[in-house]
Amino acid sequence: MKPSVNEQSKIFWLASYPKSGNTWTRIFIANLMSAAGPIDINQINTGDIASSRDWVEQALGFDINELSHDEIDKLRPLAYQYLSQHSDAIGYHKVHDAYSYVGNIKSNIGELSSKTNKQALFPNSATRGGLYLVRNPLDVVISFAHHSGWAIDTTINNMGNSQQTFYGGSNRLFNQLRQHLYSWSEHAQSWLDAPFDNKLFVRYEDMKLRPFATFTKMAKFLELPSDEVSVKRAVNNSEIKQLQAQEEANMFKEKSNQAERFFRKGIVGDWQEILTPRQVNQIINDHGRLMTHFGYLDDDKKHIY
Amino acid sequence: MQYYRAFGLTIASDLNLEPLQSLYDNADADVTIFLGQVSKIGLENPTDIKPLCQQAENKHWFCVPDIARFYITNGNSIIVEPFENSDMQSVKLYLLGTCLGIIFHQRDLLVIHGNAVRFGDKAVIFAGKSGNGKSTLAAAFHQKGYDILADDLAVIDKQGLCYPSYPQLKLWQDTANKLGINTDELHRIRLQVNKYAMPIKAGFYDKPLPVAGLYILQTHKQKNIEFIPANGFEKFKPLKNQTYRKGQLEGLGLKPQHLRACTQLANNIFVTHLTRPSEGFKLDELISAIEEDISLKKMITKQQELTC
C-alpha cells in the first residue's frame, strides 16, 4: 500500500548519519532539477540544513542566540511546522540529527501546547517524507575519521557513543544548532522508528553499485522527474570524478577544516584495506544488529560489502 | 518608573534596565516599557502570523516560551508579561535586543545586526551572520583602545548617523579566552549560557557619529584575509541583507521606507566584504588588516585632527 503523504507539508528530510551520501544525494537532486550541465557543487541549494540557525530563527521571529541548546530544541518543532507550511515549493533538507524527542514548551501559551511532555523534533505536521541514507559503518568510520581529523579508534568510539553531537559546544555561537547524533546504530534505529509513513531507506552501496535503479527510486519518492533521460543525466553529472574535479579546481565550502578534501574516494569496501581485524570486530560488536538489518552482514555474520 | 538613555532615545521602564545609562531627571520618554498583561494568543487582526510572533501595522506581538510575552506598538511602547518563574535577566535581554530592534523598525530607523566602532570622526559597522566573529572583533578593537558605539545593534537614522547603544560588550567564553579576559570576574548574561557581560568603563563613545562604512564578515577555507569592496548598486543588497530581522519588515509594512533608507545610506558609505580564514588566523593580523584597509579608504579624519 502506498504510504500516505502529508500534502500540506513541503519538507522532505534527507536524513543520514554523517558521511553516508547526503551531499551526493543533494547534488543529484540539484542536477535533476537543473536542465543545464553539471551543477556547481558550491551552488547546490535544495533547501536549508535542518540545523541552520538562520532558518529556524527566521520562523520564530525573535533572537535565539542567547538561548541554550535545550531551550532552542523545544522551539524547533514549531519552526519546522511553520516553514513546511509556508514554503512555495517542496524543499529537500539535509538532517544529521537523530529522530529525537525534545521537551515541550510551557502550556500557558494557549493553543500551542500539547498534553504530553515530549514532542518530536521533526513533527509529522512538518514532514512530507523522509529519505534515510545508510552506509556500511565499516566504511563510514574511515570517511568520518578523514572528515573530522580523528584517529580511526577515536572515530569508532565516537560512533558507539550515545551522547555524540555536532555543534554541541556551549562556549561560542555556531551558525548551526546542536545536533544529537547518538551512536551510529541509535541514529539509524531512531529513523526506523520515526512515527510517520512516507519513508524510504536507501543504501549508499546501492547508489554506487546500482545507480540507475536506485536513483530512479529516490527520484520517484522525492516527487522529482524520474524518467530515464533525466535520471541518467543527473547521475552522470553527479559522478564522483566530476565532483572531485570541481573540488580540485575550487574548494568545496562544505569541506571541514580538518579534512584535506571532501570528495575523497567514495568507494565501497575501503575498510578491507584500512581497518584492522580488531577494529572490524569492535564495529560489529557495537552495530552488528543494525548491520544485519541493512544487509551488511548475513545471518552467519559474513560481510556482504 | 526609571529613566534611561540609549540609542539616542529616552526610555522609561518599570523594569531595571542596567547597563543602560540612567537619567536622573524624569525627561519625556520616547519609549516606555510597562509590566502588564499581554495576550496569550496574539493580535486581533494580524497581517503576518508565525507560531510565536505576529504583526500588524505598528503592532508586534511575540512570545518566548518560559521567558515572557511582549507587545510592541507605535515605536514608543513595550508591554511585557514575564512567565511565572522566568528570570529578569532573560526578560531584559529580550527587551534590549529583539524588542528595541522592533521599536527602531517602527520608528523607521535602519538597524544593522552588527557592532559599531569609532574610527576618528566616523563610525564603522561590522556585520555578518551569527558566528562569524562580530563580537570578537568589537572586543578586540576595544582592547586595542578603540571606542565602541554599539554591540549587536547598530541604529542609523536618515542622516546616516549611528547612535551609541550602552556601555557593555557581551562575550562568549571562547572569545574571552582568545582575548585573555578572565570571566571569573564577570556576570553571565543568563545562567543558561556561557556568555558574559563585560562593562565598558572607558572606551564607550556616547555621541552619534556619521557612518563611514560597513564591513560584512564572512569566512572561507582559504588562508588569506580578503577585502572585496562593493561598488554602486552592489552596495545596496548586502546592506539590506544585514538589516536586523529583515524578515519582519514586510510584516511591518515598512518595506519601501526601508529600501529607500538603505539606498540613501549605500550612496554615502563604503561597503566591503571582509573574508577571513574560518580557522587558524591571528586576531591581531585581522585587526591590522582592517586598520590598513580603513586608512586606504581616506574617508576618516584622524583622531588628533578632531576638535571637541
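Of the 160 residues in the largest nonpolar core, those that touch the most other members are F70(B), Y94(B), I125(B), V155(B) and C162(B); such a core is a set of buried Ala, Val, Leu, Ile, Met, Phe, Trp, Tyr and Cys residues joined through C-beta atoms within 7 Å. A residue is called buried if 20 or more other C-beta atoms lie within 10 Å of its own, exposed if 12 or fewer do, and partly exposed in between, with the C-beta atoms placed from the backbone. The element that gives the most to this core is α1(B), with 10 residues. In soluble globular proteins, nonpolar side chains tend to be buried together. Everything described here belongs to a predicted model, in which local features need a pLDDT of at least 70 and side-chain atom pairs count only at pLDDT 80 or more, whereas totals for chains, interfaces and linings use all residues. Residues are numbered from 1 along each chain as its sequence is written, and chains are lettered from A and ligands numbered from 1 in the order in which they are written.

Leaving aside neighbours within four places in sequence, C162(B) is in contact with A116(B), A123(B), I125(B), L149(B), A150(B), A154(B), V155(B), I156(B), P208(B), L209(B) and V211(B), where contact means that the C-beta atoms of two residues, placed from the backbone, lie within 7 Å.

Helices (H or I, at least four residues) and strands (E, at least two) are DSSP runs numbered from the N terminus, and two strands are said to pair if DSSP finds at least two bridges between them. Strand β8(B), residues 68–73, is mostly covered, with five of its six residues buried. On one hand, β8(B) pairs with β7(B) in the antiparallel sense over six bridges, and F70(B) in β8(B) is the bridge partner of F62(B). These two strands form a hairpin with three residues between them, and D66(B) in the turn has a positive phi of about 75°. On the other hand, β8(B) also pairs with β9(B), residues 77–82, in the antiparallel sense over six bridges, with T73(B) standing opposite S77(B) in β9(B). The hairpin of β8(B) and β9(B) likewise has three residues between the strands, and here N74(B) takes a positive phi near 50°.

A further sheet in chain B is open and has three strands in the order β15-β17-β16, with antiparallel pairing. Its edge strands are β15 (168–172) and β16 (187–188), each of which pairs on one side only. Between β15(B) and β17(B), residues 195–199, the antiparallel pairing runs over five bridges, and W172(B) has K195(B) in β17(B) as its bridge partner.

Among the helices of chain B, α2(B), residues 134–143, is largely enclosed by the rest of the structure, because nine of its 10 residues are buried. The buried residues are K134(B), S135(B), T136(B), L137(B), A138(B), A139(B), A140(B), F141(B) and H142(B). Just after this helix, G145(B) takes a positive phi of about 100°.

Taken as a whole, chain B has seven helices and 20 strands, and 45% of its 308 residues count as buried. Its radius of gyration, taken over C-alpha atoms, is 19 Å, which agrees with the value near 19 Å for a compact globule of 308 residues; the globule rule is 2.2 Å times the number of residues to the power 0.38. Of the contacts in chain B with a separation of 6 or more, 63% are between residues 24 or more positions apart.

Chain B also meets chain A, in a contact that takes 35 residues from chain B and 32 residues from chain A. On the side of chain B that touches chain A, the elements giving two or more residues are β7 (59–64), α1 (88–106), α3 (173–178) and α5 (247–252) of chain B, and α1(B) gives the most, with four residues.

In chain A, helix α6(A), residues 184–192, is mostly covered, with seven of its nine residues buried. What covers those buried residues includes β1 (11–16), β5 (127–134), α4 (137–148), α5 (152–159) and α12 (277–293) of chain A.

As for confidence, the model scores ipTM 0.91 and pTM 0.92. Chain B averages a pLDDT of 90, and 94% of the residues score at least 70, pLDDT being the predictor's confidence in each residue, from 0 to 100.
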